[in-house]
Amino acid sequence: MQEKTLKIGLTQLISSKNKEENILKIEKYSKKAKNNGADMVIFPEVFMVYFSSEDSLEKRAKEAESLEGNFVKNILKISKQYNLSITVGMYESIENNLKTYNTTITTDDNGNIINIYRKTHLYDAFNFKESEFFLESNNPYNVFEFNGFKIGIMVCYEIRFPEIARILALKGADVILVPSAWFKGYNKEEQWLTLIKARALENTVYLGSSNQIGNVFTGITSFVDPLGIIIQRMNENEGIIFGEVNKERIYEVRKILPSLYQRKPELYKGI
């Protein structure tokens, strides 16, 4: 009997300042994912709408939406239409606050939200300050189940914090999804590739990213296996790649590389 797998579509797309255009792209690539046999499709960090550095805090707040807003309603509708799990990033409004949450939602394959994650580590680095317009969250790092697989979420800059991926792995994640909008810059592409391979390898889990491209972003949507091998990677264009999560592969890797089980937590206290 063939081992059951989880097939994931990972998109690499340009986000528009027009929300409706982005919703149409989500519908288009959800259809492509379904036609290619995917169980779920991942869209980039804050794909809902693109803001440039010139856009004011007030403009961002005005465009942000609640989880009951039109953007999420459309995502749920598309999920149900294609019987497909969708993960996508958005600007979530906060009552009585101009700042927003950097939120990622995941649906099941019938138009129901099964996970909400709000970014905890904001990109205040390389002369950029996300904290000027985002409010950091303190939500826990949880895994959720879909189609018999355990899934964790971390967002973009959080790839630089190995503690998050380790917590998700210890909670049983088979795959970590990383919606991203990775800024261009000197050596930034090399850093991204180093980090995604390291997070997969040190935790012996699959890792799949969905990256914005165009505007000020690098792209490099990738799918990495539990030995840190990049199995699929997008080129410089918009598009979608596919990766399959196989529990048997995780088991095989952990037989030859049991580092997750060789940890000595009692020695790490007080760090």
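**Close-up 1. Helices H4 and H5 side by side.** A helix axis here is a line fitted to C-alpha atoms over the stretch in contact, and an angle between two axes is taken between their N-to-C directions. With that in hand, look at this predicted model, where the axes of H4 (residues 162-170) and H5 (residues 188-203) come within 10 Å and cross at roughly 35 degrees. H4 passes H5 in a right-handed crossing. On the H4 side, the residues that make the contact are Pro162, Ala165, Arg166 and Ala169, and they meet Arg199, Glu202 and Asn203 of H5. Sorted by class, this contact holds 3 nonpolar, 1 polar and 3 charged residues.

**Close-up 2. Helices H1 and H3 packed together.** Here we move to H1 (residues 19-35) and H3 (residues 70-82), whose axes lie 10 Å apart at an angle of about 20 degrees. That angle makes H1 roughly parallel to H3, because angles under 35 degrees count as roughly parallel. The crossing of H1 past H3 is right-handed. From H1, the contact draws on Glu20, Ile23, Ile26, Glu27, Ser30, Lys31 and Lys34. Their partners in H3 are Asn70, Phe71, Asn74, Ile75, Ile78, Gln81 and Tyr82. The classes in this contact come to 6 nonpolar, 4 polar and 4 charged residues.

Methods:
Residues are numbered from 1 along each chain as its sequence is written. This is a predicted model: local features need pLDDT of at least 70, side-chain atom pairs count only at pLDDT 80 or more; totals for chains, interfaces and linings use all residues. Side-chain values use heavy atoms; hydrogens and water are left out. Axes are lines fitted to C-alpha atoms, for helices over the stretch in contact, and angles run from 0 to 180 degrees between N-to-C directions. Helices (H or I, at least four residues) and strands (E, at least two) are DSSP runs, numbered from the N terminus. Angles under 35 degrees count as roughly parallel, over 145 as roughly antiparallel, 65 to 115 as roughly perpendicular and the rest as oblique. A crossing is left-handed if the near helix is turned anticlockwise from the far one by less than a right angle, and right-handed if clockwise. Contact means heavy atoms within 4.5 Å. Ala, Val, Leu, Ile, Met, Phe, Trp, Tyr, Cys and Pro count as nonpolar, Asp, Glu, Lys and Arg as charged, and the others, Gly among them, as polar.
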